[in-house]
Amino acid sequence: MLILQRKKNESLVIGDNITITIVDSGSDWVKLAIDAPKDIPIVRTELLEAASTNKEASTPDKTSVMLLKQLLEQKNP
């Protein structure tokens, strides 16, 4: 991991085609401008984590599916 210190209106470049510029900052936040090709996804970490959590929550484990199947078979012989 590379850690850099930048001031307002200073930038850094990743590869040949991604530029990150510090637009503004406060005591506990920073506002970034990211210039990258449209085919490179830029997603906040908390959104990725939420999507992963939602996917896990919506995917039943095999034991639950088997128990549900058994219960349904008992009610509808």
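Leaving aside neighbours within four places in sequence, which residues is T19 in contact with? They are S11, L12, V13, A33, I34 and D35. Contact means heavy atoms within 4.5 Å.

## The model

This is a predicted model, in which local features need pLDDT of at least 70, side-chain atom pairs count only at pLDDT 80 or more, and totals for chains, interfaces and linings use all residues. Residues are numbered from 1 along each chain as its sequence is written, and side-chain values use heavy atoms, with hydrogens and water left out.

Strand 1 covers residues 11–14 and strand 2 covers residues 18–25. The two pair in the antiparallel sense over four bridges. Strands are DSSP runs of E with at least two residues, and helices are runs of H or I with at least four; both are numbered from the N terminus. Two strands pair if DSSP finds at least two bridges between them.

Strands 1 and 2 form a hairpin with three residues between them. In its turn, G15 has a positive phi of about 65 degrees. Strand 2 also pairs with strand 3, again in the antiparallel sense, over six bridges. A hairpin of four residues joins strand 2 to strand 3.

T19 lies in strand 2. It stands opposite D35 in strand 3. At 25% relative accessibility, T19 counts as partly exposed. Buried means under 20% relative accessible area, exposed means over 50%, and partly exposed lies in between (1.4 Å probe, protein chains only).

I20 is also in strand 2. With a relative accessible area of 18%, I20 is buried. Beyond its neighbours within four places in sequence, I20 is in contact with E10, S11, L12, I14, L32, A33 and I34. I20 and A33 are 13 residues apart in sequence, yet 5.7 Å apart in space, C-alpha to C-alpha. In a regular strand, side chains alternate between the two faces of the sheet.

## The loop and helix 1

I42 sits in the loop between strand 3 (30–35) and helix 1 (45–58). I42 is exposed, at 51% relative accessible area.

Helix 1 has 14 residues and reaches 20 Å from its first C-alpha to its last. That is close to the 20 Å expected at 1.5 Å a residue. The expected span is 1.5 Å times one less than the number of residues. Of the 14 residues of helix 1, zero are buried, so the helix lies largely in the open.
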